[in-house]
Amino acid sequence: MQNVAVRTYFTNESAMKRFYLIIGNTDDDFCNDSYQLVNLKWIVHDELKAQGYERIIFYDNSRVLYFFDEKSREATFNSKKNDIVSVPSSKWDKSKMQRGPLCGNLIRSAKVAEQNTEGNFSDTRNTSDGLSPLHSGRMNEETSFRTIIRCIQDDKIKTAVVFTNAHYFITSYANRHDRLSCLTEFVLYALGNNYNILVFIFHDFSYERLNEIYNNNDVWNQLFVPRITEGSNVIEISSPNGAEIRNLLNYLRLQQGIEFDMSHTERLCLNLQCEIASITEQGSHAPLKYLFNKLVNNWNEKKEKITLSNCVNIVKGKETLPSQELLSDSVEGPEDEKTERSLDGVTASRLKPPTTNIKEKTEIKRTTL
């Protein structure tokens with residue numbers, strides 16, 4: 001079996017930039033290798049967990065703090081009992097920490113403020129699917145932020161904080177100089193053995209569009225732009241590849257009872273990948289949801305097995321045509337070398353760097369049935 005190198009955006013080297021942006025089709029659904037249909041937050045959680053992050057905190061303007069594993073929640077609220085950093089230590093430049101208004105006071109009061117949350121957890125985990133988040137209990141937004149600052153300064157537990165509504169963060173923090181000061185101090189003065197990061201999810205935007213929207217925003221220009229490198233810590237969620245579509249077909253087969261012709265699984269998945277990529281280019285921001293709905297609706301209406309010859313028509317919403325263009329089993333390489341199309345070694349996760357860009361590096365050879 002071919003060895004596939006481990007690929008991830010979340011390396012220790014890129015963690016030194018402290019910031020990650022997730023853009024693109026962030027409102028889509030995702031089908032993982034366990035054949036679970038989940039949202040982006042779960043995919044982010046699983047990828048960070050796989051890269052050694054032990055404390056993964058999610059933050060938004062409605063739920064405030066929540067988690068997707070018990071260990072992260074315990075590490076967030078119990079670490080203060082174990083003398084984990086809750087005030088600036090000697091390895092931080094305290095004079096610089098005081099530059100930002102109220103920054104030192106925010107951190108010093110974190111330990112006191114969190115006492116109000118202890119023992120008041122609200123566990124809403126759905127034990128039947130294990131996919132519901134764990135909430136933090138009674139905690140206002142101010143206390144949540146103090147908790148975040150304490151955790152990202154702590155280099156004993158590898159920590160990631162995921163801001164699920166980055167637009168809210170940028171617009172609401174524009175006038176909160178105390179909070180910006182704390183984040184700036186963390187970014188500038190955290191030591192090299194601190195691999196803690198902040199992950200920001202933007203909804204349905206390209207990086208170019210973000211620059212246009214926040215062109216006059218001080219938070220964007222001063223905190224984000226200097227630390228962003230496209231291809232390194234800007235992660236664009238694209239349309240699903242053949243491996244993820246194969247996961248979806250298995251999910252639909254097992255959970256919905258939909259019948260597929262599995263004798264040409266790879267070609268079927270690769271054809272669907274090509275069509276969904278085309279739909280994404282036309283403006284769809286939730287391509288897997290689109291494919292899911294098309295396949296389910298077709299099955300509910302016709303109870304028609306999905307085959308290599310009718311899959312593209314189903315996605316396009318057309319009646320069966322006399323002929324249909326489909327991907328062949330091979331593609332033309334840069335020097336007209338034929339290579340077999342295969343899903344071997346292809347990861348389903350859209351949160352990993354792509355192995356290759358079929359559109360730019362190969363010319364897809366089509367055949368007509």
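Predicted model: local features only at pLDDT ≥ 70, side-chain atom pairs only at ≥ 80, totals over all residues.
Student: Is N194 buried or exposed?
Tutor: The relative accessible area of N194 is 2%. Buried means under 20%. So N194 is buried.

Student: Which backbone nitrogen lies 2.9 Å from a polar atom of the side chain of N194?
Tutor: The side chain of N194 has backbone atoms around it. A polar atom of that side chain lies 3.1 Å from the backbone oxygen of I152. For the backbone nitrogen at 2.9 Å, look at N196.

Student: Which residues does N194 touch, not counting residues up to four places away in sequence?
Tutor: I152, whose backbone oxygen lies 3.1 Å from a polar side-chain atom of N194, is on the list. With the sequence neighbours up to four places away left out, N194 touches M16, R18, I152, Q153, D155 and F186.

Student: R18 is in that list, so what is phi of R18 near?
Tutor: R18 sits in the loop between α1 (12–15) and β1 (19–24). R18 is buried, with a relative accessible area of 2%. Its phi is positive, in a residue other than glycine, and is near 75 degrees.

Student: And what is phi of Y35 near?
Tutor: Y35 is found in the loop between β2 (30–31) and β3 (37–38). Y35 is partly exposed, with a relative accessible area of 32%. Phi of Y35 is a positive value, in a residue other than glycine, near 60 degrees.

Student: How do helix α7 and α9 pack, roughly parallel or roughly antiparallel?
Tutor: Helix α7 covers residues 141–153, and its axis is 10 Å from that of α9. The angle between α7 and α9 is about 10 degrees. Angles under 35 degrees count as roughly parallel. So α7 is, relative to α9, roughly parallel.

Student: How many charged residues are in the contact of α7 with α9?
Tutor: On the α7 side you'll find E141, E142, F145, I149 and I152. They meet D178, R179, C182, L183 and F186 in α9. By class, this contact has six nonpolar residues and no polar ones, and the charged residues number four.

Student: Which side chain makes a polar contact with the side chain of Y173?
Tutor: Y173 is placed in the loop between α8 (166–172) and α9. Beyond four places in sequence, Y173 touches Y59, F145, Y168, R179, L180, L183 and V219. The polar contact, at 3.4 Å, is with the side chain of Y59.

Student: Is Y173 buried or exposed?
Tutor: Y173 has a relative accessible area of 0%. The cut-off for buried is under 20%. So Y173 is buried.

Student: How far apart in space are Y173 and V219, C-alpha to C-alpha?
Tutor: V219 is among the residues that Y173 touches. In sequence, Y173 and V219 are 46 residues apart. In space, C-alpha to C-alpha, the separation is 7.3 Å.

Student: Moving on to α13 and α14, what does their angle make α13 relative to α14?
Tutor: Helix α13 (residues 265–281) and helix α14 (residues 287–302) have axes 10 Å apart, at an angle of about 120 degrees. That angle makes α13, relative to α14, oblique.

Student: How many nonpolar residues are in the contact of α13 with α14?
Tutor: L272, I276, I279 and T280 in α13 meet P287, Y290 and L291 in α14. This contact has one polar residue and no charged ones, and the nonpolar residues number six.

Student: How far apart in space are Y290 and V315?
Tutor: Y290 belongs to helix α14, and its contacts beyond four places in sequence are I276, I279, S284 and V315. Y290 and V315 are 25 residues apart in sequence. From C-alpha to C-alpha, the distance is 8.5 Å.

Student: Finally, what is the relative accessible area of E47?
Tutor: E47 is found in helix α2 (residues 40–50). Neighbours within four places aside, E47 is in contact with R7, T8, F10, L351 and K352. E47 is buried, and its relative accessible area is 6%.

Note on methods
Residues numbered from 1 in each chain as written. Heavy atoms only, no water. Buried < 20%, exposed > 50% of the residue type's maximum accessible area, 1.4 Å probe, protein only. Polar contact = N/O pair within 3.5 Å; in protein donor to acceptor, adjacent residues only side chain to side chain. Contact = heavy atoms within 4.5 Å. Axes fitted to C-alpha atoms, helices over the stretch in contact; angles between N-to-C directions. Helix = DSSP H or I, 4+ residues; strand = E, 2+ residues; numbered from the N terminus. Parallel < 35°, antiparallel > 145°, perpendicular 65-115°, else oblique. Nonpolar A, V, L, I, M, F, W, Y, C, P; charged D, E, K, R; others polar.
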